[in-house]
Amino acid sequence: MLMILSGHYMDFRLKIKFDAMTSHDITFVGIIQTAKASGMEKFPIPYVLTNCHNSLCAVGGTINEDDHVFGLSAARKYGGIYVPPHIAVIHQYMRENMAGCGKMILGSDSHTRYGALGTMAIGEGGGELVKQLLCSTYDVAYPGVIGIYLDGKPNPGVGPQDIALAIIGAVFKNGYVKNKVMEFVGPGISTMTTDFRNGIDVMTTETTCLSSIWRTDEDTKAFLTVHGRGGDYKELNPADVAYYDGMVYVDLSTVKPMIALPFHPSNTYEIDELNANPGDILREVEKSAAALTDNPDIRFSLTDKLVNGKFQVQQGIIAGCAGGNYTNVMEAAHILKNASCGNGEFTLSVYPSSQPVFMDLVEKGAVSTLMAAGAAIKTAFCGPCFGAGDTPANNAFSIRHTTRNFPNREGSKPGVGQLSAVALMDARSIAATAANGGILTPATEYADDYVVPEYHYDDSAYRARVYQGFGKAEISSELVYGPNIKDWPEMAPLADSILLKVCSKIMDKVTTTDELIPSGETSSYRSNPLGLAEFALSRRDPAYVGKAKEIGKVEKARTAGKDVLEAAPEMKAVYEKIAGITPDVRKEDIEIGSMIYCVKPGDGSAREQAASCQRVLGGLANICTEYATKRYRSNVMNWGMIPFQMKEEPEFGVDDYIYVPNVKEALSGDMKDIKAYVLGDEIKEISLYISDMTENEKKIVKAGCLINYNRNNR
């Protein structure tokens, strides 16, 4: 049972400095390069560089391992903490070694969540981490706080992913917790171990909340003590009378095994509900798949997987910061004891979240149990969560205890006729499905009175392999660059007036960061800004890059002092229209760039490249109805693009031009009604607006990007 109540929140801004930071190997190179270009000399706070995303070193020759070598050299030079590939996924390492009660941690991965350990952690784009490295602040409006009141106790067979999906399904679509803090309270918390709570907490990102924090208790203390950090425990509880801006009531005893069907974690059903009516529900997913692409070569069906009325699954994955936890894998192994995945098409892979977890799973016999059942055991790696490992066959269906199931998140490529799909489930029900030969099965059918044995933490793998360099910066040492690691290209400051060419228009209800810049094998190019930009919107709008590059050439001609009309004679009519609006503005003084329109962009990952790829191609702005997340809007601003919004339907199309005169002046005003003009067959005036920006954010956009702003203030 879930129940939602409403309230209001305060409106003022906070300036925050964090206790520690963390990044992985598809973000830390760009962050360090940006901070270095801005004048950073050493890491002022503990900064953990993990290598859990580009771990395989299988795509693009040496470039993944080159990033790892760069990361180690940066940890030495600037005084960082370096976790080599296969040792731990980013968030498990932070839980085990860095999170503590009353701390605040900033990460460049959207699932930076350690609330169950009393830590308020936030996932943001790389620009926000750069600010911390330069001893600046994270500026944010005082967030609303939503109480998540947990009552009752989870039933046997119900895991943390089930509870998380139940909450996500209730609050995502209505935006109830968007950009707010989820505060978990209530007696139900103490019915779950801290390891179990971690599995719920990491999924709060999928609600679009800003952060999360939990009431702590003796089990929190025990978790920290086992990890050698009992001194980091503090009791955190709400006051006897606490005021919230809203409440969500969750009776844990009523939550059943859940499944989030493609293509979003909020597309939730009870597994029993799906099994009772599979045809109608799966046909709705097929309709969603059809809307994703107009490629006639794609054959995608879920109803063809119904065998005698039962849903046959092709793949199961238990992995990463959500699924690979000790408790999840132990319970999965218990269900699969003396069972078999079978020798048919169904496969099962299990990725423990860290070497210490792996070591104790070996000690407890869970690994041999899983292997005997036919599961493949792999090292700590986030690949299955973002399409860089275990990509299913075309038209296959994968059930995963990972964090996301967006389109193509599993690694398929609709542009070349491939489409498979992922559903999110708990490790327990994935194990039950495996024990049943791949027939979708809730874990409650296998539940008994099993109690997970106490965890033994052995950090010898960390002591042997993790480089602990905080406070030991070797300033004179050199960074090691591979041939793919490139500096950011120069970006010009904002002109007084701008001319935008609409290079993509996406009318989907939500546009994810995976669509703005695909994950998977493109991650290998994240250290090469221009190389990565070639993939921008490639799985959603393949024409975008070409259009953005063409208008970028026109801007390059302008900044080189050439006659724009010689570079683009077709723009003569555009400038004639502009002359009729602002006759005193010379065409040579109007900055030209690309623009994308989305209804609601930026759901999902914190990856700054969703914005930086647009910028290095010459992007000047986004226009939307609303931004899906604060972190994507921050990325847009940190990369010098204007975060426009509009209330009306967009009466412009791809290849239209939009002229925004006096835009710098508008940024200095109230930004509530910014006049712009669509230069079509007729000139149409439209009204844009920009939601609140800090004075620094305005300066960053005017400077052209965060790097320029930092250089100007060095």
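Visitor: How many nonpolar, polar and charged residues are in the lining of the largest cavity?

Guide: The lining has nine nonpolar, twelve polar and four charged residues. In this scheme Ala, Val, Leu, Ile, Met, Phe, Trp, Tyr, Cys and Pro are nonpolar, Asp, Glu, Lys and Arg are charged, and the others, Gly among them, are polar. Keep in mind that this is a predicted model, where local features need pLDDT of at least 70, side-chain atom pairs count only at pLDDT 80 or more, and totals for chains, interfaces and linings use all residues. Residues are numbered from 1 along each chain as its sequence is written, and side-chain values use heavy atoms, with hydrogens and water left out.

Visitor: Which residues lie nearest the centre of that cavity?

Guide: His53, Asp109, His111, Cys385 and Arg409, out of 25 lining residues. A cavity here is a set of points, on a 1 Å grid over the protein atoms alone, where a 1.4 Å probe fits but cannot get out; lining residues have an atom within 4 Å of a point.

Visitor: And which element gives the largest share of the lining?

Guide: Helix H10, with three residues. Helices are DSSP runs (H or I, at least four residues), numbered from the N terminus.

Visitor: What space does the largest cavity hold?

Guide: About 240 Å³, taken as the space filled by probe spheres set on the grid points, which are joined across faces, edges and corners. The whole structure has seven cavities of 30 Å³ or more.

Visitor: New topic: is glutamine 33 buried or exposed?

Guide: Glutamine 33 is buried, at a relative accessible area of 5%. The cut-offs are under 20% for buried, over 50% for exposed and partly exposed in between (1.4 Å probe, protein chains only). Glutamine 33 sits in helix H1, residues 28-37.

Visitor: What does its side chain make a polar contact with?

Guide: The side chain of tyrosine 481, at 3.0 Å. That term means a pair of N or O atoms within 3.5 Å; within protein, one must be able to donate a hydrogen and the other to accept it, and residues adjacent in sequence count only if both atoms are side-chain atoms.

Visitor: Where is aspartate 195, and what does it touch?

Guide: Aspartate 195 is in helix H6, residues 194-201. Leaving out residues up to four places away in sequence, aspartate 195 touches Phe223, Asn325, Tyr326 and Thr327, where contact means heavy atoms within 4.5 Å.

Visitor: What's the mean pLDDT?

Guide: It is 92 for the protein, and 97% of the residues reach 70 or more; pLDDT is the predictor's confidence in each residue, from 0 to 100.

Notes. Helix = DSSP H or I, 4+ residues; strand = E, 2+ residues; numbered from the N terminus. 1 Å grid on protein atoms, 1.4 Å probe; cavity = no way out; pocket = protein on both sides within 12 Å on 5 of 7 lines; lining within 4 Å.
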